[in-house]
Amino acid sequence: MPIVEQRSVLTGLQVKDAMRRNVHRMAADGVIAACIRRMIKYKSNALLVNDPAGRPAGVVSRTDLMGAYYAGLPLETALADILAGVPRFCYPDDGLEDALDLMQQDGIHRLYVHGAGPAEVVGVIGFADIVGLLYRYCRFCAQSRRKAKGPDAALPRLAVRDVMSPLAAACNPNDPIEMVIEMLSSHRFGAVLVASAPGEPAGVVSKTDLMVAYLHGVPTSAAAESVMTAPVAACSAEALLAEAIQQMLLKDVQRLFITAADAPAVVGVLSLSDAARFRSGTCKACVASRMLAGV
Amino acid sequence: MIASDVMDTRFHCLQPEDTIATAVRRFKATSDAEGKKIFGMMVTDSRGRLTGMLSMHDILLFIQPKHVEIWGEIEDVDPEPIFDALLERVKNIRVADIMTTELVTIKPDTHLLIIVDLMIKRHIRRLPVVDGDAVVGIVYRSDVFYHLLRRFIA
């Protein structure tokens with residue numbers, strides 16, 4: 001049976017084109033407090049944990065740290081005691097499409113990139129890195145129909161409303177942090193909207209906010225509003241997807257809360273990983289322009 | 001030719017629970033007061049023991065956006081307000097969260113050439129001078145430089 005290979009924006013791009021080379025690692029006997037500080041300082045979403053021989057033994061993510069916070073573990077607990085995920089690997093010359101597929105299949109957010117030796121890790125790649133590369137790649141793409149026809153050409157473009165998910169849950173400013181954590185883990189969210197009235201945004205509690213609260217010794221019974229980030233990174237449902245992606249990349253956020261076109265009420269959420277999925281396999285403008293250009 | 005010959009005893013310290021905004025103000029005020037540029041300060045706890053160092057590098061690293069390449073390429077949006085919003089995330093962060101805790105310290109009688117060696121090999125620009133539990137001074141790379149090479153400027 002012939003294998004039909006779909007051509008997409010990512011075709012021909014390799015992991016090494018998008019990966020970050022600075023991999024943050026810690027020994028398994030390191031403590032949670034040091035791990036959180038490292039993640040805050042380097043704005044990292046996960047740390048690779050080494051076994052005593054220096055080989056990668058596991059990954060500590062913000063989700064794991066949130067679990068430790070919920071369980072009331074002391075900040076001096078060793079990372080070895082909370083290690084859950086094993087790192088998944090790819091190679092620098094693997095295709096980006098394969099890497100994205102692997103992440104989607106396994107429901108993971110990052111892949112570590114193997115070097116030549118068994119203990120050698122040369123990079124890490126996440127959704128945001130792929131979207132960041134795609135964004136730049138598309139902007140400079142000489143084959144884009146938009147570029148060919150000029151900036152005023154009336155071509156259909158994806159809007160946020162085509163891709164966003166409806167807002168599944170929000171919490172009140174007075175809800176305790178432990179409830180926020182329960183909400184995050186049951187819905188597999190990265191952040192919860194704090195709404196003072198239905199749909200009325202007051203702030204956001206992300207896993208990073210919770211990590212900082214854990215480090216600063218805030219009890220999990222404290223109110224969500226005491227640790228939330230405000231204002232909410234938001235965008236209109238009518239905005240173009242490309243603009244929303246740009247906003248997420250520039251603001252260093254992994255999701256935007258989406259407001260109705262004519263009201264401040266939040267109606268949905270757009271995550272960077274939704275955007276990655278949408279842009280990677282189904283960029284019709286790009287596929288079509290390639291066919292027109294005979295590439 | 002020992003640390004106490006060149007160390008600066010007029011040093012200023014930050015507290016671990018200070019905010020980043022406080023640290024930035026302290027950098028500026030200290031630089032103005034001392035008449036020389038201060039790029040890093042020691043962090044001491046309530047008992048005066050050294051717990052870390054905070055440098056401009058640590059703060060710059062923290063405020064740097066993740067996708068910095070894109071920042072260099074945007075022309076269609078005004079980056080100023082977005083950067084201002086990014087700085088908001090500094091609000092909840094304290095000095096202890098981003099300071100360097102893997103410290104190299106020296107004693108008042110550490111030889112200057114050993115200090116030079118440490119500074120070269122480990123890319124260190126300033127070294128706290130510790131006597132027992134107490135911080136007694138700080139040695140800056142520039143002071144070591146001008147002390148060792150003073151015959152050329154006499």
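Let's begin with chain A, whose domain assignment gives domain 1 (15-130) and domain 2 (160-279); such bounds come from an automatic or database domain assignment. This is a predicted model, in which local features need pLDDT of at least 70 and side-chain atom pairs count only at pLDDT 80 or more, while totals for chains, interfaces and linings use all residues. Residues are numbered from 1 along each chain as its sequence is written, and chains are lettered from A and ligands numbered from 1 in the order in which they are written.

How far apart do the C-alpha centres of the two domains of chain A lie? They are 23 Å apart. Across the boundary, 16 residues of domain 1 of chain A are in contact with 16 residues of domain 2 of chain A (contact means that C-beta atoms, placed from the backbone, lie within 7 Å). On the domain 1 side, α2, α3 (62-71) and α5 of chain A each supply at least two residues. Helices here are DSSP runs (H or I, at least four residues), numbered from the N terminus. The largest share of that side, six residues, comes from α3(A).

Now look at where the chains meet. The contact takes 14 residues from chain A and 16 residues from chain B. On the chain A side, α5(A) gives the most, with four residues.

Finally, turn to chain B. Helix α7 (residues 112-121) and helix α8 (residues 141-148) of chain B pack at an angle of about 135°, with axes 11 Å apart (axes are lines fitted to C-alpha atoms, for helices over the stretch in contact, and angles run from 0 to 180 degrees between N-to-C directions). The contact is made by B:L112, B:I115, B:V116 and B:M119 of α7(B) and B:R141, B:V144 and B:L148 of α8(B).

How values were computed. Contact = placed C-beta atoms within 7 Å.
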